[in-house]
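Here are my notes on the model you sent. Please keep the structure open while you read, and check each point against it.

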Amino acid sequence: MEKYSEFGAEARKIMLQKGITLKDVAEKLNVSTPYVSDILRGNRKGEKQKPIIAEMLGLDSES
């Protein structure tokens with residue numbers, strides 16, 4: 001299994017529950033799918049994108 005940051009693991013769990021794909025998130029953010037994946041893994045900070053992802057999923061962006 002791929003390693004995710006705490007935020008990324010929670011985001012992926014909710015995405016799976018809601019049927020939201022990385023592609024869906026990437027399109028909403030107007031970035032590439034690998035970029036979103038890097039944010040969820042903690043490889044990129046995604047300072048502008050994390051709050052938007054959190055809002056989409058109903059998450060706290062600080063987790």
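1. Arg41 counts as partly exposed, at 30% relative accessibility (buried means under 20% relative accessible area, exposed over 50%, partly exposed in between, with a 1.4 Å probe and protein chains only). Arg41 forms a salt bridge with Asp38, with the closest N and O atoms 3.9 Å apart. A salt bridge here is a side-chain nitrogen of Lys or Arg within 4 Å of a carboxyl oxygen of Asp or Glu. Arg41 and Asp38 are three residues apart in helix α3, so about one helical turn separates them. Helices are DSSP runs (H or I, at least four residues), numbered from the N terminus.

2. This is a predicted model: local features need pLDDT of at least 70, side-chain atom pairs count only at pLDDT 80 or more, and totals for chains, interfaces and linings use all residues. Residues are numbered from 1 along each chain as its sequence is written, and side-chain values use heavy atoms, with hydrogens and water left out.

3. Asp38 also meets Arg44 in a salt bridge (3.3 Å, N to O). Shared partners join Asp38, Arg41 and Arg44 into one network. Arg44 is partly exposed, with a relative accessible area of 40%.

4. The count comes to three salt bridges. One of them pairs Lys13 with Glu10, at 3.6 Å between the closest N and O atoms. Both residues lie in helix α1, three residues apart. Lys13 is partly exposed at 43%, and Glu10 at 29%.

5. Now look at helix α4. Which residues of α4 are buried? They are Gln49, Ile53, Ala54 and Leu57.

6. Gln49 has a relative accessible area of 14%. Not counting residues up to four places away in sequence, Gln49 touches Leu29, Val31, Tyr35 and Ile39. Contact means heavy atoms within 4.5 Å.

7. The largest nonpolar core has 16 residues. Those touching the most other members include Met15, Val36 and Ile53. Such a core is a set of buried Ala, Val, Leu, Ile, Met, Phe, Trp, Tyr and Cys residues joined through side-chain atoms within 4.5 Å.

8. Check two backbone angles. Asn30, in the loop between α2 and α3, has a positive phi near 60 degrees, though it is not glycine. Gly58 follows α4, with a positive phi near 75 degrees.
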